[in-house]
Amino acid sequence: MARVEIRLSGEGGQGVILAGIILAEAAAIFDGKNAIQTQSYGPESRGGASKSEVVVDEGDIDYPEVRRPDILLALTQEACDKYASSLAPGGTLVTDETFVQSPPKVDGQVYSAGITKIAREKLGKEIVANIVALGVLVALTGVVSSEAIERAVLSRVPRGTEDLNRRALQEGFTAGETILHRV
Amino acid sequence: MSAEQSRVQLMQGNEACVEGALTAGCRFYAGYPITPSTEIAELMSERLPRLGGKFIQMEDEIGSMAAVIGASLGGLKAMTATSGPGFSLKQENIGFAALTEVPCVIVDVQRVGPSSGQPTSPAQGDVMQARWGTHGDHPAVVLCPWSVRETFDLTVRAFNLAEALRTPVILISDEVVAHMREKVVLPEPSELKVVDRPRPTVPPAAYKPYGPAPGDEGRDDYVPPMADFGSGYRYHVTGLFHGEDGFPTGDGEKSAALLRRINAKVEHRRADIVQVEREALDDAEVVVVAYGSTARSALRAVRDARAQGIKAGLLRLITLWPFADEAVREVAGRAKVLIVPEMNLGQMSREVERAAHGAARVVPVSRVDNELFTPDEILARIREEA
């Protein structure tokens with residue numbers, strides 16, 4: 001697999017930075033690839049737009065930043081509007097339909113999943129929406145293996161929350177697979 | 001999980017700096033947190049006490065640098081970390097450490113300046129300050145990493161050089177390298193060479209704190225053995241010019257000998273200190289000379305240029321000071337043009353020009369809008385010059 005660029009976007013508090021770190025750890029530690037994670041750093045980390053970026057490659061990674069994401073996750077309408085045009089041609093846009101009412105037209109695949117709704121209603125904790133999102137993303141794109149993302153999630157989350165996070169990831173996988181079967 | 005897999009980590013540049021420092025034997029940190037270097041202080045405050053070391057958050061950067069010098073005189077390997085505004089404040093004491101020959105490591109994670117500038121954005125505007133920030137003719141050893149793993153390696157090397165040469169060594173990073181998380185496998189401590197300062201072998205009564213070790217008499221570039229304060233060797237340390245006994249002197253000959261020796265210490269070991277990396281240079285006509293995170297954009301640009309049939313290459317400066325005169329001169333002799341992209345208004349490009357001495361044209365490229373160069377920007381310049 002050649003270089004894949006992933007941009008995770010949303011607003012402060014939705015956990016996109018942590019999601020990026022977990023995704024990069026899944027690729028680097030558990031799938032044995034190379035990975036770099038970067039993030040917008042500054043006022044965004046205290047509310048407002050937030051983004052976290054990951055580059056995954058079988059080979060070495062020279063330029064560390066994301067130019068045209070092959071995979072874009074947008075958890076808010078604002079993030080979606082801001083970054084949709086940056087998607088690489090033929091790329092994959094995944095939106096959270098809880099907050100993104102009107103996904104834009106892009107040259108690529110657009111998938112909508114009720115990411116935050118699932119976290120709220122099926123898991124009773126909105127805070128795990130980022131883990132649900134990772135499940136959706138991995139099911140839809142296969143950017144890392146499902147085993148790798150599960151191990152990466154479990155090694156990062158606070159002790160005592162493993163079960164909740166495992167279920168969140170599983171709900172994300174299911175939502176992603178349901179979308180694929182529908183298409 | 002395999003043994004190899006269990007050692008794989010995703011780590012920030014600033015974290016790797018701490019790991020490198022601790023591996024090199026650093027047991028004292030004094031600092032005043034400042035973005036984008038803060039993670040170094042944070043992590044040091046957690047890790048050092050558990051290793052029996054000391055962490056002090058000082059009242060400011062001036063006090064921090066003074067504390068580092070004091071700790072080193074007490075026998076500990078000591079460091080501080082800062083960014084531009086704090087680096088400015090530390091300069092006077094960095095000069096004190098250079099003249100009094102106190103080994104220490106100063107990390108400067110560059111952000112946009114001058115003044116408070118832009119704390120969260122990358123820049124490379126401190127490279128000349130790292131050379132000439134403190135007054136007088138002082139030596140400078142400055143190392144510049146481009147990756148997380150290299151941040152680890154060069155931090156270890158910074159301590160080793162500081163100890164071997166008894167001089168302050170600066171590790172100059174930038175916001176991109178400091179904050180990005182990258183896959184690394186750190187070496188086992190047994191795989192690394194760790195250097196300790198030379199200590200006196202003569203009894204206290206015969207000790208001259210700034211005199212040569214037995215066998216070094218007559219050398220004009222010797223590194224004097226250094227006794228730990230409190231170990232029974234009483235001596236005087238002053239920022240005034242001093243004789244071999246450590247006391248101030250107004251003697252012009254002794255002053256000149258001291259000044260020349262502290263510079264010769266570094267200058268005569270240039271071949272061991274200066275490191276560069278060469279990529280695709282054998283037949284290169286257009287050579288990009290770059291350092292730090294900019295060199296990563298440059299490497300991508302060079303690879304893309306090669307894919308388009310352009311004979312491009314990269315000379316990456318790992319040691320910024322002493323400057324890699326010889327490597328630049330050699331490359332300039334074979335290339336048509338040297339492109340020097342920097343996140344400043346062209347500070348190192350003038351050094352490249354000096355070293356190239358007209359053998360190749362030097363084209364500075366600046367970016368100072370808070371963003372890292374994209375590979376395409378550098379590629380466009382390569383195509384123009386090819």
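Select B:Ser115 to begin: this residue sits in the loop between E5 and E6 of chain B, helices (H or I, at least four residues) and strands (E, at least two) being DSSP runs numbered from the N terminus. B:Ser115 has a phi near 55°, a positive value in a residue other than glycine. The model is a predicted one, in which local features need pLDDT of at least 70 and side-chain atom pairs count only at pLDDT 80 or more, while totals for chains, interfaces and linings use all residues. Residues are numbered from 1 along each chain as its sequence is written, chains are lettered from A and ligands numbered from 1 in the order in which they are written, and side-chain values use heavy atoms, with hydrogens and water left out.

Remain in this loop and select B:Pro114, which lies between strand E5 (104-112) and E6 of chain B. The peptide bond that leads from B:Gly113 to B:Pro114 is cis, with omega near 10°. Next, move to B:Trp321 and B:Pro322, which are also joined by a cis peptide bond, omega being about 0°. B:Pro322 is placed in the loop between strand E13 (319-321) and helix H12 (325-334) of chain B.

Now colour chain B by domain: domain 1 covers 3-191 and domain 2 covers 277-385, with bounds that come from an automatic or database domain assignment. Their C-alpha centres lie 26 Å apart. In the contact (heavy atoms within 4.5 Å), 27 residues of domain 1 of chain B meet 24 residues of domain 2 of chain B. The two domains bury about 2,100 Å² between them, 59% of it on carbon and sulfur atoms; buried area is the accessible area (1.4 Å probe) that two parts lose on being put together, summed over both.

Which residue forms a salt bridge with B:Glu182? Select B:Arg296: the closest N and O atoms of this pair are 2.8 Å apart. A salt bridge here is a side-chain nitrogen of Lys or Arg within 4 Å of a carboxyl oxygen of Asp or Glu, and the interface of the two domains of chain B holds 2 salt bridges. The side of domain 1 of chain B that touches domain 2 of chain B draws two or more residues from each of several elements, including helix H7 (148-165) and strand E8 (168-174) of chain B.

Turn to the boundary between the chains, where 24 residues of chain A and 25 residues of chain B take part in the contact. Chain A and chain B bury about 2,100 Å² between them, 53% of it on carbon and sulfur atoms. There are 3 salt bridges between the chains; select A:Asp62 and B:Arg300 to display a salt bridge at 3.0 Å, N to O. On the side of chain A that touches chain B, helix H1 (16-30) and strand E2 (34-39) of chain A each supply at least two residues.

Follow E2(A) across the boundary: E2(A) pairs in the antiparallel sense with strand E9 (residues 181-185) of chain B over 2 bridges, and strands pair if DSSP finds at least two bridges between them. Select A:Gln37 to find its bridge partner in E9(B), B:Arg181.

Finish in chain A with A:Arg167 and A:Asp163, whose side chains meet in a salt bridge (3.6 Å, N to O). Because these residues are 4 residues apart in helix H6 (residues 162-182) of chain A, A:Arg167 and A:Asp163 are separated by about one helical turn. Over all chains, the count comes to 39 salt bridges.
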